[in-house]
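Hello,

Here is the structure you will be taking over.

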Amino acid sequence: MAGPLMRNITLLGATGSVGASALDIIARYPERYRVHAVTAQSNVDDLADIAVKFSADIAVIGNDDLERPLRDALNARGARTIARAGRHALIEVANTPNCDTVLAAIVGSAGLEPTLAAAESGKRLLLANKEAIVCAGALLMAAVQRGGGSLLPVDSEHNAIHQCLSGVRATERAGVRLVLTASGGPFLNRDDLDEVTPDQACAHPKWVMGRKISVDSATLMNKGLEVIEASWLFGIPADRIDIVIHPQSVIHSMVEFADGSVLAQMGSPDMRTPLAYALAWPERIASGAKRLDFAHAGPLTFEAPDRRRFRCLDYAYAALGRGGGASVVLNAANEIAVQAFLEQRLRFTEIAPTIEQVLESYDPPPPQSFDDVIEIDREARERAGDCVMEKIR
Ligand code: NAD
Ligand code: MG
């Protein structure tokens, strides 16, 4: 019998938290996965180490000024990897015929362009970069269709839903409700949030993640972005997507069917599980994640999210209801506010008001093209920057 198909992979955002989890799985299966290209924004040394360890053909550094340092770092390690830099190189490694699978694990709308390029060229797209689909849901889904490839969600909730919906016919799918679970983040039961620091916000009780998504988990904007993501991925309107707080993060999400059946996907909170599913689909491979031990898991609890304390949920639902332009604004304002908080220029409790202000002042129509998304994103970032400045004064 023939062995498994060899997949050639480009990892966009290879130095990040998701990138590291993906590489951990890839290292276990040299007969299945070969790394074509790895990318990072500015961490030259980590990128060079990864390129050497996985014998990548190409390493791309997002920051144009770092091409020379990257080349030097690769040479110093005796690597055969070619060094490239900048936006065009990111797109090239995403849509080249030399790879068939692309992990989109750049953080923020910065990842949109190469993600779209991968979709358009028919790759198997492993999507972690939720900001890309939040900003350009219609464009991305259309690009996947045209490209003829596949889109496999890596975000654990959407991966769970993908699993629960597998084998479900389109007619049955149309009537489902989605229930996204949320851990509630580090501040679920804390009221005095005015003085919390970036490190406190990033100390997530269940998942170790990059700093931006960690802050999003603390404000619950992460769950808001995930509602928008789920709506595009599965074609389900906002009024049939619910959120439930489930602090143990054992159930990663659920699907409720017309007959009252609810399917849940469970597992240890470890991103290697959804990554292994997306990498090997429709096969299943060991991921290295700890088995779920029900006898010692303790009680599983559920509660409704407190939407008055976590305002970002309502903003996200409202943006989804208003259409594609508002989602770009929501995301851009959030990226700017979170960045300002991480740089200690903005209080944690000022993140949500900043987003609300920008959403109130700017209501563009749905973007029809990538250029439209970029323009709305730019304008919203500028407005959010102004709001942050006002709050500092
Ligand atoms: P991270 O900050 O750990 O890593 C981000 C990666 O993107 C790094 O490799 C970085 O070099 C690269 N990058 C950053 N800015 C860039 C830019 N402007 N241009 C090009 N590359 C850039 O983030 P992460 O936690 O790995 O998350 C990555 C994405 O996956 C995010 O969209 C996040 O929401 C999503 N996600 C993460 C997790 C998780 O467990 N970490 C779970 C679900 C979804
Ligand atoms: Mg998630």
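This is a predicted model: local features need pLDDT of at least 70, side-chain atom pairs count only at pLDDT 80 or more; totals for chains, interfaces and linings use all residues.

Residues are numbered from 1 along each chain as its sequence is written, and side-chain values use heavy atoms, with hydrogens and water left out.

The protein splits into domain 1 (7-153) and domain 2 (159-269 + 302-392); such bounds come from an automatic or database domain assignment. Their C-alpha centres are 24 Å apart. Domain 1 puts 21 residues into the contact and domain 2 puts in 26, where contact means heavy atoms within 4.5 Å.

Together the two domains bury about 1900 Å², with 69% of it on carbon and sulfur atoms. Buried area here is the accessible area (1.4 Å probe) that two parts lose on being put together, summed over both. On the side of domain 1, the residues losing the most area to domain 2 are K130, V134 and P153, which together make up 35% of what that side buries.

Two salt bridges are found across the interface of domain 1 and domain 2 (a side-chain nitrogen of Lys or Arg within 4 Å of a carboxyl oxygen of Asp or Glu). Separately, the side chains of K130 and E226 form a salt bridge at 2.8 Å, N to O.

Regards

Terms used:
Chains are lettered from A and ligands numbered from 1 in the order in which they are written.
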